[in-house]
Amino acid sequence: MIELNHIGESLIAEMINRSEDVKRFVVHQISSSYPDDHIADAVPELPLVNCGQLIFDGAHRVDVALPSPVDGLCFAIEAKLGKTGLTT
């Protein structure tokens, strides 16, 4: 059986990427300084090193990221998927 936490990040990125209006909405909820002329595609499981200078280790990844064409930073979406990812 395929678990949601194995494919969820790709599904979220695909849902965002299917519509420029959805991408614009998601980005502008986070930052009004992101340029309207080009909104990058959402990328699932993007290594943190691709999102600026801060890294924890080479394996750390952002669940879903929208890279900024202006400054190379990423707008990160942390996806909590599955039945055991969060506890009370």
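Mentor: The discussion below moves from the overall fold to one strand and its partners. This is a predicted model, in which local features need pLDDT of at least 70, side-chain atom pairs count only at pLDDT 80 or more, and totals for chains, interfaces and linings use all residues. Residues are numbered from 1 along each chain as its sequence is written, and side-chain values use heavy atoms, with hydrogens and water left out.

Trainee: Which elements does the protein chain contain, and in what order do they run?

Mentor: Helices (H or I, at least four residues) and strands (E, at least two) are DSSP runs, numbered from the N terminus. Here there are two helices and three strands, in the order α-α-β-β-β from the N terminus.

Trainee: How is burial read, and where does strand S2 stand?

Mentor: A residue is buried under 20% relative accessible area, exposed over 50% and partly exposed in between, with a 1.4 Å probe and protein chains only. Of the 88 residues in the protein chain, 31% are buried. Strand S2, residues 61-67, is mostly covered, with five of its seven residues buried.

Trainee: With which strands does S2 pair?

Mentor: Two strands pair if DSSP finds at least two bridges between them. S2 pairs antiparallel with S1 (residues 43-47) over four bridges; leucine 46 has valine 62 in S2 as its bridge partner. S2 also pairs antiparallel with S3 (residues 74-77) over four bridges, where proline 67 is partnered by cysteine 74 in S3.
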